[in-house]
Amino acid sequence: MSDAQIQELDAEQRDWLRSPASLTQRLKQRSDHFQVRLQSLQPLTLAQSAQRWLGLPAEVTERTVILEADDKPCIFAKSVWAGQQHPFASLGEQPLGERLFNDSRWQRGDILLTQINGKELGLAAQPLWARCSPFYHAQQWPVWVMEAFLPAVFSLSREQDEGKI
């Protein structure tokens, strides 16, 4: 992702993409109703190249959710962690972000930005901005989180900001 591509975005969009803060918290602050919709929770076996790149063992769990604000789908998120007995496996429709950001033992790594086609995620074919980052804990394998920004998240921001003036 080039800086030129990121600079083409408006300031609000850049802020959403680059902010290291919790998207869960931000969506809660900018809406009257926040909800996590669990799409899937499944075991996966990673290829050796993915194991090396992610720093995870072969057997992992993948969780896919949609974060909604005021009944609008705003964020498509996938998270991956080691094994199937991880404490996060029982989250259900609770936000992972609250666990990660409310426990100081978890530290976010670098945020990688990219643009993807929603079709790759099983969504409508449209360009979407996405980010991916690891969360590190001294006594556990990393947890990787990928967040794709759906169009409603940016209009939600503008609507909420305009309503507060």
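Leaving out neighbours within four places in sequence, Cys74 is in contact (heavy atoms within 4.5 Å) with Leu27, Leu67, Glu68, Ala69, Ala148, Phe149, Leu150, Ala152, Val153 and Leu156. Keep in mind that this is a predicted model, where local features need pLDDT of at least 70, side-chain atom pairs count only at pLDDT 80 or more, and totals for chains, interfaces and linings use all residues. Numbering runs from 1 along each chain as its sequence is written, and side-chain values use heavy atoms, with hydrogens and water left out.

Cys74 also turns up among the residues with the most contacts inside the largest nonpolar core, which has 20 residues. Such a core is a set of buried Ala, Val, Leu, Ile, Met, Phe, Trp, Tyr and Cys residues joined through side-chain atoms within 4.5 Å. Buried means under 20% relative accessible area, exposed over 50%, partly exposed in between (1.4 Å probe, protein chains only). Helix 6 (151-163) is one of the elements giving two or more residues to this core, and helix 6 gives the most, with 4 residues. Helices (H or I, at least four residues) and strands (E, at least two) are DSSP runs, numbered from the N terminus.

Now for strand 2: 10 of its 11 residues are buried, so the rest of the structure largely encloses it. Its pairings (at least two DSSP bridges between two strands) look like this:

| Pair | Sense | Bridges |
|---|---|---|
| Strand 1 and strand 2 | antiparallel | 11 bridges |
| Strand 2 and strand 3 | antiparallel | 10 bridges |

Thr64 stands opposite Lys78 in strand 3. Strands 2 and 3 form a hairpin with 2 residues between them, and Asp70 in the turn has a positive phi of about 50°.
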